[in-house]
Amino acid sequence: MEGVLFMLDNTLKYNRVEKLKIAKEHVDDGLSYDELSKKYDLSKSTIKFQVRLYLAHGEKAFAAEPNRTYTREEKLKAIKRHNDGESFGSIAVDMLMSDPSIVRDWYTKYIKGGEKAISNQ
């Protein structure tokens with residue numbers, strides 16, 4: 001299998017090519033979130049996120065790339081967006097992230113330690 005592997009729903013691993021296939025099965029083939037959830041043993045929210053990525057960015061959202069790093073400023077902007085009411089998923093889609101938990105983790109660090117807890121790493 002090509003691409004980077006990611007853990008989804010703590011059960012199965014899917015690479016970027018497989019995630020794209022799942023999103024296309026919903027968008028192009030009309031399979032429902034329930035059908036895909038059962039077929040791949042994934043939560044509907046995980047599948048919905050992959051579909052949102054695909055609809056917003058197309059296949060490039062699933063292109064194999066090295067792990068991206070985000071600057072402190074980018075992280076703080078994302079945190080501010082969440083403080084302003086935007087969902088972790090919406091921010092993650094906009095920032096072309098593989099998983100909304102990335103933003104959630106930044107937010108958790110921010111809540112616990114303030115701006116000083118957010119670094120470039």
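Is W106 buried or exposed, and at what relative accessibility? At 8% relative accessibility, W106 counts as buried; the term buried applies under 20% relative accessible area, exposed over 50%, and partly exposed in between, with a 1.4 Å probe and protein chains only.

Colleagues, a word on the basis of these values. The model is predicted, so local features need pLDDT of at least 70 and side-chain atom pairs count only at pLDDT 80 or more, while totals for chains, interfaces and linings use all residues. Residues are numbered from 1 along each chain as its sequence is written, and side-chain values use heavy atoms, with hydrogens and water left out.

I begin with the overall fold. The protein chain has six helices and two strands, in the order β-β-α-α-α-α-α-α from the N terminus. Helices (H or I, at least four residues) and strands (E, at least two) are DSSP runs, numbered from the N terminus. Of the 121 residues, 34% count as buried.

I turn now to the aromatic rings. The structure holds three aromatic pairs. Rings of Phe, Tyr and Trp (its six-membered ring) pair if their centres lie within 6.5 Å; planes under 30 degrees apart count as stacked, over 60 as edge-to-face and the rest as tilted. In one of these pairs, Y14 and Y40 have ring centres 5.9 Å apart and planes at 80°, so they are edge-to-face. Because Y14 belongs to strand β2 (residues 12-15) and Y40 to helix α2 (residues 33-40), this pair ties together parts that are 26 residues apart in sequence. Both Y14 and Y40 are buried.

W106 takes part in another pair, with Y70: the ring centres are 5.3 Å apart and the planes stand at 70°, so this pair is also edge-to-face. Y70 lies in the loop between α3 (44-57) and α4 (72-83) and W106 in helix α6 (residues 101-113), so parts 36 residues apart in sequence are tied together. Y70 is buried, with a relative accessible area of 10%.

Finally, the largest pocket. It is lined by 28 residues, of which R68, Y70, M97, S98 and I102 lie nearest its centre. A pocket here is an open set of points on a 1 Å grid over the protein atoms alone, where a 1.4 Å probe fits, with protein on both sides within 12 Å along at least five of seven lines; lining residues have an atom within 4 Å of a point. Helices α1 (16-27), α3 and α6 each give two or more residues to this lining, and the largest share, five residues, comes from α6.
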